[in-house]
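Welcome! Let us take a walk through this structure together, one part at a time.

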Amino acid sequence: MAKESNSSLLDVKGLSKFFGGIRALSHVSFSVERGAIMALIGPNGAGKSTFINVISGIYSPDLGEVHFKGEDIAGCPAHVVASKGIARTFQLEELFSSMTVLENAMSGCYSGTRSGMVACGTSFPSARLEEKRIREEAMESLAMVGLEERAFEPVSKLPLGERKLVGFARALCMKPTFLMLDEPAGGLAAHEVERVVKLINVLVEHGLTVLIVEHNMPFVMSLSARIVVLDAGIKIAEGTPEEVRNDEQVIRAYLGQEL
Amino acid sequence: MREKRRLPLSWILIVGGLTLLPLVTSGTYVIGVMCFVAIYATLACGMGLLLGQAGVFSLAHPPFFGLGAYVAGILAARGILTPWAAIIVAALVVAVVAYLIGAPLLRLRGYYLACATFGLLLIVEIALGQLSSITGGHDGLVGIPPLVVFGYTLEGDLHYYLLSWGLCLGCLWFFYNLMNSRVGRAIKALHDSEIAASTVGINVARCKLQVFVLTAIMAGLAGSIYCFYLQFTTPTLYGFSLLVELFTMVVIGGATTLYGPVLGSFVTIWLREAIHMYLKNILPVMTAEVDAVFFGVLIVAILIFTPGGLAGWLGGLAHFGRTLLGKRV
């Protein structure tokens with residue numbers, strides 16, 4: 001058992017989440033290998049976002065186990081999950097709207113920094129030093145997503161596509177080992193999608209593990225090694241893009257609507 | 001970078017102005033009023049931080065102010081501790097009380113939190129009035145000795161002017177540093193999106209409790225200085241009317257900036273002084289009612305025309321000025 005959890009970073013077993021009588025997730029099980037790109041697809045209301053919300057600790061699961069690096073994190077509060085190296089973005093950005101682009105990215109450095117209230121309030125040298133480091137790291141993350149020139153603008157003035165990238169930069173500032181992206185290509189212009197694809201590939205080369213929830217099928221097919229398909233909270237298929245594309249159930253549940 | 005260069009100038013202007021004030025004014029009237037401005041500004045600043053930046057809708061500032069005043073006053077008046085030690089003990093007591101009350105109450109949000117903290121305000125006001133064997137009841141607490149610092153007795157308005165503005169500017173300095181740090185970003189993050197805040201690793205409950213206790217301590221300190229300044233204190237000073245006054249200051253000044261509530265406190269208190277001075281002759285009986293009507297109308301007007309308060313209006317003006325200058329260059 002121990003060996004199994006060593007090879008995979010995230011192990012989900014029998015995960016269920018109910019909202020009243022609605023089964024948002026029903027006995028979902030799969031593993032994400034270290035350094036892999038995993039995509040979670042499915043029609044609207046399939047439970048994809050719920051899955052990310054459960055893993056990141058915003059919802060606690062009703063049944064099932066979530067093992068991250070061999071440790072059970074099911075039901076941990078979100079800030080604890082974050083401190084273990086799991087970062088995420090949101091479908092609807094969820095940025096800190098009163099802050100600038102840079103401050104949004106800087107707030108991603110929170111879990112990796114330590115200065116307390118008194119040290120910060122008195123501008124203690126250690127806090128100032130840390131603040132400088134946070135600023136540099138945030139600028140690096142912004143440069144990676146191509147937003148360093150907009151760093152000092154209020155985030156609310158940015159168009160939707162760039163706001164998504166700010167969320168991406170904020171997640172990168174957390175220096176995660178596992179990154180969950182909720183519809184990263186939604187609302188992005190073509191050149192921005194290209195940038196995101198490149199960025200994800202670079203990050204994975206550096207050892208990051210990525211889980212993507214997406215509607216944009218060409219985007220998913222161009223990226224992922226493995227795909228999990230959800231429909232009405234149930235996992236109906238898992239495999240390579242080829243396997244999934246030819247799966248009878250998937251065609252019926254998902255692609256079939258368009259044929 | 002622009003912010004960093006702009007701030008020292010405004011600090012120099014404010015500190016310089018406050019230092020010059022006692023030299024250019026004669027008599028104690030202006031200095032005396034400015035003591036009140038400083039103490040109320042400290043309170044309003046903490047309240048503005050909670051309401052405007054952290055999004056914690058707490059009305060518990062007057063009770064913490066009152067607790068600070070009464071604990072320090074009682075300890076000093078009964079001769080249990082020297083005044084300075086009493087101030088420190090009062091701050092600690094307020095911190096503990098704020099922690100114990102905040103831990104359960106801060107689970108509530110929005111109006112529910114406002115209701116619960118309003119309950120605290122009423123309880124503390126009534127308790128201070130009824131526990132007359134300890135607090136002196138509605139007759140007030142008397143016999144508070146003057147403050148003594150290293151054998152030097154503080155007396156008169158000028159000494160308290162320096163002390164209260166020292167506290168106010170100290171709090172402002174602390175808040176300014178704080179809001180430009182990781183903790184400050186966490187506080188602002190709470191206001192914008194608690195869900196996103198928790199996913200970047202911010203312990204939302206703990207962060208709220210920390211900022212709640214911090215502002216309570218500052219209110220408590222302001223309270224103890226207030227009671228030594230007046231050398232007398234009564235429960236009605238810390239009740240509903242104080243809350244209304246603080247709200248007026250926060251709204252008029254603007255809660256989204258740190259200096260807004262300070263500005264609000266300055267404007268509110270001096271406007272009231274002006275009303276009392278000039279309307280006394282025209283409306284000899286009705287000053288309190290005139291006060292209420294005047295400030296009521298002012299709050300409505302500010303909310304309609306400049307919802308960010310005076311600070312928001314000044315910020316807009318500064319922005320306009322910068323773009324004008326920028327275009328010329």
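**A helix across a sheet**

Helix α2 (residues 48–55) of chain A lies across β1, β2 and β4 of chain A, and runs at about 65 degrees to β2(A). Helices (H or I, at least four residues) and strands (E, at least two) are DSSP runs, numbered from the N terminus. Axes are lines fitted to C-alpha atoms, for helices over the stretch in contact, and angles run from 0 to 180 degrees between N-to-C directions.

Before going on, please note that this is a predicted model, in which local features need pLDDT of at least 70 and side-chain atom pairs count only at pLDDT 80 or more, while totals for chains, interfaces and linings use all residues. Residues are numbered from 1 along each chain as its sequence is written, with chains lettered from A and ligands numbered from 1 in the order in which they are written.

Now for the sheet itself. In chain A, four strands make an open sheet in the order β2-β1-β4-β5, with antiparallel pairing; two strands pair if DSSP finds at least two bridges between them. At the edges stand β2 (22–33) and β5 (71–72) of chain A, each with a single partner strand, so one side of each has no neighbour in the sheet. Five bridges join β1 (residues 8–19) and β4 (residues 63–68) of chain A in the antiparallel sense, and Lys13(A) has Glu65(A) as its bridge partner in β4(A).

Next, turn to chain B and its helix α5 (residues 110–130). Which residues of α5(B) are buried? They are Thr117(B), Leu121(B), Val124(B), Glu125(B) and Leu128(B), where buried means that 20 or more other C-beta atoms, placed from the backbone, lie within 10 Å of the residue's own, and exposed means 12 or fewer.

Finally, see where the chains meet: 24 residues of chain B are in contact with 33 residues of chain A, contact meaning C-beta atoms, placed from the backbone, within 7 Å. To the side of chain B that touches chain A, α8(B) gives the most, with nine residues.

Terms used. Contact = placed C-beta atoms within 7 Å.
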